[in-house]
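Here are some notes to read alongside the model, for anyone meeting it for the first time. Please keep the 3D view open as you go through the points.

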Amino acid sequence: MNNQLNKAVTARFSGEDYARLQTEAERRGCTVADVIRSSWTHYQEQQQLQQLLIKMEQRQRKVQFEMLCTTLDLAAEERKQALSALHEKGVRF
């Protein structure tokens, strides 16, 4: 990743929010811009984690479906019907 800081962005904050940014920057011993960059990086990391959690949940649903089908000894056609019913209710995996 290119860490060269060559693009500027202007954003307007309320006086109260700007004061909070300044306070946080002073607490961290950095600039307001550093706080904002750090917040952006944190946001991106959170988005990646959210996507990973969604994928994990989908895998878990699939495993649970397979376990239930096996436990109930569903035939292939019954599995298809169950899967179709889940899809109709908005469950995806």
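1. Let's start with Phe13, which is placed in the segment before α1; helices here are DSSP runs of H or I with at least four residues, and strands are E runs of at least two, numbered from the N terminus. Phe13 counts as partly exposed because its relative accessibility is 41%. (Buried means under 20% relative accessible area, exposed over 50%, and partly exposed in between, with a 1.4 Å probe and protein chains only.) Setting aside neighbours within four places in sequence, Phe13 is in contact with Tyr18, Leu21 and Ile36, where contact means heavy atoms within 4.5 Å.

2. A word on what you are looking at: this is a predicted model, in which local features need pLDDT of at least 70, side-chain atom pairs count only at pLDDT 80 or more, and totals for chains, interfaces and linings use all residues. Residues are numbered from 1 along each chain as its sequence is written, and side-chain values use heavy atoms, leaving out hydrogens and water.

3. How confident is the predictor? The protein averages a pLDDT of 94, and 98% of the residues score at least 70; pLDDT is the predictor's confidence in each residue, from 0 to 100. Confidence is highest in α1, at 98, and lowest in α3, at a mean of 94.

4. Now follow α2 from end to end. Its 40 residues should span 58 Å at 1.5 Å a residue, and the end C-alpha atoms are 57 Å apart, which agrees; the expected span is 1.5 Å times one less than the number of residues. Val32, Val35, Phe65 and Cys69 of α2 are buried, and what covers the buried residues of this helix includes α1 (15–28) and α3.

5. Which aromatic rings pair up? A search of the whole structure finds 1 aromatic pair. Trp40 and Tyr43 form this pair, stacked at 5.5 Å centre to centre with 25° between the planes. Rings of Phe, Tyr and Trp (its six-membered ring) pair if their centres lie within 6.5 Å; planes under 30 degrees apart count as stacked, over 60 as edge-to-face and the rest as tilted. Both residues lie in helix α2, 3 residues apart, about one turn of the helix. Tyr43 counts as partly exposed, because its relative accessibility is 43%.

6. Finally, have a look at Asp73, in the loop between α2 (32–71) and α3 (76–88). Asp73 has a positive phi of about 55° although it is not a glycine. Is Asp73 buried or exposed? At 65% relative accessibility, Asp73 counts as exposed.
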